[in-house]
Amino acid sequence: MASDSPESLMTLCTDYCLHNLEGTLCYLLDNETLRLHPDIFLPSEICDKLVNEYVELVNADSISEPYDSFFTLFADPRSTRLARIHLREDIVQDQDLEAIRKQDLVELYLTNCEKLTAKSLQTLLSFSHTLVSLSLFGCSNIFYEEENPGGCEDDCLVNPTRQVLVKDFTFEGFSRLRFLNLGRMTEGVNVETLLQPLSSLTALDLSGIQLNDVAFLTQWKDNLVFLVLYNMDLSEEHIQVIAQLRKLRHLDISRDRHSSYYKFKLTRRVLSLFVDNLVNLSSLDISGHTMLENCTISSMEEKVGQTSIEPSKSSIAPFRDLKRPLQFLGLFETSLCRLMHIPAYKVSGDKNEDQVLNAIEAYTEHRPEITSRAINLLFDIARIERCSQLLRALQLVIAALKCYKYDKNIQVTGSAALFYLTNSEYRTEQSVKLRRQVIQVVLNGMESYQEVTVQRNCCLTLCNFSIPEELEFQYRRVNELLLNILNPTRQDESIQRIAVHLCNALVCQVDNDHKEAVGKMGFVMTMLKLIQKKLVDKTCDQVMEFSWSALWNITDETPDNCEMFLNYSGMKLFLECLKEFPEKQELHRNMLGLLGNVAEVKELRPQLMTSQFISVFSNLLESKADGIEVSYNACGVLSHIMFDGPEAWGICEPRREEVVDRMWAAIQSWDINSRRNINYRSFEPILRLLPQGISPVSQHWATWALYNLVSVYPDKYCPLLIKEGGMPLLKDVIKMASARQETTEMARKVIEHCSNFKEENMDTSR
């Protein structure tokens, strides 16, 4: 399960080494094969951790490319010792097990390793003298080998190899084996023959295997303490055999109610038989079973008052004969879980949050079909009620999503549950580490599963985080995933809207290096494609407005991205949007803000010097859209163009003097106390317009902008102006002969505002 405790030094070191193998434990032989440094010896405590953590990291996509030769690092027991390893999914192949065949493994768990074939059965023999625990759960091909067909006629070309079931393998020689999991084993293997040599078995899992005769289990009646027969179609004969296994402490005969029809029905007599004969039982799972008769105590007999786990008060009649409460009782998807008095410390079911969380915890590792339904119940609890065990709930959902990143049902229900479990209501109860774990599994889901519902749920969940701050540790990855979502020309409208919003938030308030990196990923091109699509559809919606806003943010003080905007026909789209949507004020503000960024780049300004563009900017000076914002931004664009001087004015119409007059008129029409829909991280582009006499109107626009911002938002902008050296520049403006009187008066007021702010906020404490 995901932990909320700080990582141990061992875990941190292991993680670092695995991400930097070549720089720590290994070197590259012939520039391609990893080799362990010859002076290294690693004990099993470290080697086990390296292997198990490596598998987790690869499955979580934290290591971009698995190392082909990783397992060969552990080939020689003289330098590396392995004892207990847990491998899962397709990361493990026959050659990987073969590479470690000389190790004295005590515990080997292979879970859903579908690429393993009968070659690995032979490798298992290498561990026979030391293995105590072995799991082959879900290794569906491990009993198959490839066989060349006889002769080489035409069939050879069509089917060069056949999959042939291996029937002669047994666990002969595995004398120390105590725990064995054969869950979901291939049909056709003779289980009785396979297991017959194991004389000392204490734990056996035969999940999903259909056996008509289980009498062979009685050979372990004196030592079998753990038995799982999940989804086995039981009969009276099965029950009689189970009743003879008197040492059992854990019995699981649960089933998946949705999988197929089962003839067997539980009765009061069967439960009584278990209670009477299996006196050591501490854990029983009968989830999914239909009761043939009523096993409950009548309401008249049921003890009233607080719920109790005492067997004598049990609402389930046969359990009144238990000697002590069970440690665990599985009642998921049965009517029994809703009873008042259940004699168990931990119960899986669907009655309340505790039962649901117990179900997720109990079934995640091997039963995704049950887990997804339990998570769906948790989703309803988080959505409708308040989740009282938030930390546990999040940890369990994270663990399930990590375990089944390609399982559609778990990805859909898990991502939906995370959305509600991470909303603002629960924010204070979550640590940084836990929220980062949520982000990791959400990104895994987006990466691994392209299904619309999963993508939407994941995007919505990311909206619950502070952006960009909480996503910065995965900044590149999250941007790549969002751009991938936005790339298809026909995308689900709601996902598109959320993804563009996230993209916009991610490029707002981050440093220029981040913006340049995202620009190189294709951010500018992607936004322009979305705008082009909306223009074709003649639609100005949130996607259109967010796209322009995102472009405004990503071009801020980032010349390379500004150049990309121009190179990808951004100005053409700007003009088309103005023409198609003349009344959309928010759209106009975003577009002009972006062009203000472009105009700040001296090398790009010549591309704006066309009669068409200058006429459009000049006309927008008189716009009343969004308060003063559109007019202000248009004037900002022209102020930077004017700053290049008369010689750069390479057009006949409109005349430079005419545009200057319109700029003066626009600035004088603005209310100096206007509240602004803008956010400056730096005044540098404005300050560069102050110490010059070539364009007094540009100087005046810059001074007006500073006066407005320090007047309306003194706490934010007075310190910024002082920090960036604006005060000396304003003092120089006052002395300049070329400066207009209204400009110098405004400069004095800005200095006065900042001086007063500085005095009022001076620390006078001793």
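Residues are numbered from 1 along each chain as its sequence is written, and side-chain values use heavy atoms, with hydrogens and water left out. Because the model is predicted, local features need pLDDT of at least 70 and side-chain atom pairs count only at pLDDT 80 or more, while totals for chains, interfaces and linings use all residues.

Two packed helices are described by the angle between their axes and the distance between the axes. Helix α11 (residues 390-403) and helix α12 (residues 408-421) have axes that come within 10 Å and cross at roughly 150°. This makes α11 roughly antiparallel to α12 (the word applies to angles over 145 degrees). Helices here are DSSP runs of H or I with at least four residues, strands are runs of E with at least two, and both are numbered from the N terminus. Axes are lines fitted to C-alpha atoms, for helices over the stretch in contact, and angles run from 0 to 180 degrees between N-to-C directions. Which residues of α11 and α12 meet? On the α11 side they are Leu390, Ala393, Leu394, Val397, Ala400 and Leu401, and on the α12 side Ile410, Gln411, Gly414, Ser415, Leu418 and Leu421 (contact means heavy atoms within 4.5 Å). This contact has nine nonpolar, three polar and no charged residues; Ala, Val, Leu, Ile, Met, Phe, Trp, Tyr, Cys and Pro count as nonpolar, Asp, Glu, Lys and Arg as charged, and the others, Gly among them, as polar.

Next comes the pair α13 (residues 432-448) and α14 (residues 452-462), whose axes come within 9 Å and cross at roughly 155°. These two helices are therefore roughly antiparallel to each other. Val438, Val442, Leu443, Gly445 and Met446 of α13 meet Val454, Gln455, Cys458, Cys459, Thr461 and Leu462 of α14. By class, the contact of α13 with α14 holds eight nonpolar, three polar and no charged residues.

The loop between α14 and α15 (475-486) contains Pro468, and a cis peptide bond with omega of about 10° joins Ile467 to Pro468. Another cis peptide bond, with omega of about -10°, links Glu653 and Pro654; Pro654 sits in the loop between α24 and α25 (656-669). Arg184, although not a glycine, has a positive phi of about 60°, and its place is in the loop between β8 (179-181) and α6 (191-195).

What about the spaces inside the model? On a 1 Å grid over the protein atoms alone, a cavity is a set of points where a 1.4 Å probe fits but cannot get out, a pocket is an open set with protein on both sides within 12 Å along at least five of seven lines, and lining residues have an atom within 4 Å of a point. Grid points are joined across faces, edges and corners, and a volume is the space filled by probe spheres set on the points. The largest cavity has a volume of about 70 Å³, and its lining has five nonpolar, no polar and three charged residues. The second largest pocket holds about 660 Å³ of space and is lined by 37 residues. Helix α22 (585-599) gives the most to this lining, with seven residues.

Key. Parallel < 35°, antiparallel > 145°, perpendicular 65-115°, else oblique.
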